[in-house]
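This briefing covers selected features of one protein model.

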Amino acid sequence: MKVGFLLYERALITGISLAAEMLNSAASLRSRKSQRQSPFEIKLIAPTLEPTKVTAGLKIQPDMTYDDDQPFDILILPPMWGNPQQSMRRTPNIINWLQTQYQKGAKLVATGTGVVWLAETGLLDHQVATTHWYYFDNFTARYPHVRLNRQASITAANGIYCTTSINSQSEMILYLIAESFGQKIANTIETHFGHEISKSTQQPFYQIGGQLQFDESIALAQDWMKRNLSHPITAQAVAEHCQLPLRSFNRKFKDQVGETPHQFLQRLRMDASQQLLRDFGMSVQEVAEQVGYKDAYHFSTRFQQQFSLTPSEYRRMVKTKIYNP
């Protein structure tokens, strides 16, 4: 598996470093046989082989240039600081290179203003996309044929993925890890890197695994579940809150979100419990109650099944920030 990070002027190094560490760590968790049979490599691509200046005055050494036509499985375009037009004017050859890579089967992932590169290729015409909130109006004016979703934190369209921020990029990387290396490895990576990622409070109008068409009743259901985590929640209760028949609600929810209401609720509870364990001095019993479990043992069992760590072990790990793959 070959992953490439594109380098260009004003690129944010945070759009490269965390994603690269997550992917490389995930690849290293595979069996030795898998690693031999399917080697994993990361390449940095830039206009020239000279060290490329990114943000914070740092320079990164590229591995190859946009004149190289070797194919990639995944290409990641980091966001840019400020107005992206200057960078685009100075490296126009990225456009044709991206088009060629996409035609060869590469998945394209862009974050924030990095999405403009995809828009310039024309590959996003009449497709859904998102970008950083401060660039919404400029993006819409410049790319009127792209269906900009101002509420989504992640969008997907035929192997092209757009994310609004580093946090949503990290969620996207977890999805790609699960798809490429399996859910067990993805869970391990989420457990060890989760404390580096601030959970977004943005409404996930598009959830990975679901369809792109957004139904407001499902967003209402998601929001209601988030606000009532500490209480008993049934699919019937959520359906009634959304004024939908239970069967229709279950079908719509699975179509939109890619998982059942129960699966989504359990994931919400586990995500919330991670944050409480990480950021607050609450006991395991108190955390359990806050996320809807009256029994600490039941909560601890669920948590360990999800993350392969007990709640206490997880708290110790994130407090000391120890990671030893």
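Gln 85 is buried, because its relative accessibility of 13% is under the 20% limit. The model is a predicted one.

**Gln 85**
- Gln 85 belongs to helix H3, which spans residues 85–90.
- Its side chain makes a polar contact with the side chain of Tyr 135, at 2.7 Å.
- With neighbours within four places in sequence left aside, the contacts of Gln 85 are Tyr 135 and Arg 142.

**Nonpolar cores**
- The largest nonpolar core has 66 residues, and the members that touch the most others are Leu 6, Leu 98, Trp 117 and Ile 177.
- Helix H1 (residues 14–28) supplies the largest share of this core, with eight residues.
- Another core, of 34 residues, lies apart from it and includes Phe 249, Met 282, Val 287 and Phe 307.
- Beyond its neighbours within four places in sequence, Trp 117 is in contact with Tyr 8, Leu 77, Met 80, Ser 87, Met 88, Thr 91, Ile 94, Ile 95 and Leu 98.

**Strand S11 and its partners**
- Strand S11 (residues 160–163) is covered on both faces: Ile 160 and Cys 162 are buried on one side, and Tyr 161 and Thr 163 are buried on the other.
- Strand S7 (residues 107–111) runs parallel to S11 and is joined to it by four bridges; Val 109 has Tyr 161 as its bridge partner in S11.
- Strand S10 (residues 154–157) is antiparallel to S11, also with four bridges; here Thr 155 is partnered by Cys 162 of S11.
- S10 and S11 make a hairpin with two residues between them, and Asn 158 in the turn has a positive phi of about 55°.

**Aromatic rings and charges**
- There are 13 aromatic pairs in the structure.
- One of them, Tyr 293 with Phe 299, is tilted, with 5.7 Å centre to centre and 50° between the planes.
- A cluster linked by ring pairs contains Tyr 293, Phe 299, Phe 303, Phe 307 and Tyr 314.
- Tyr 293 also has the charged end of Arg 269 over its ring, 5.9 Å from the centre.
- Lys 2 lies over the face of Phe 72, at 5.5 Å from the ring centre.

Notes:
Residues numbered from 1 in each chain as written. Predicted model: local features only at pLDDT ≥ 70, side-chain atom pairs only at ≥ 80, totals over all residues. Heavy atoms only, no water. Core = buried A, V, L, I, M, F, W, Y, C linked by side-chain atoms within 4.5 Å. Buried < 20%, exposed > 50% of the residue type's maximum accessible area, 1.4 Å probe, protein only. Contact = heavy atoms within 4.5 Å. Polar contact = N/O pair within 3.5 Å; in protein donor to acceptor, adjacent residues only side chain to side chain. Pairing = 2+ DSSP bridges. Phe/Tyr/Trp six-rings, centres within 6.5 Å; stacked < 30°, edge-to-face > 60°. Lys NZ or Arg CZ within 6 Å of the ring centre and 35° of its normal.
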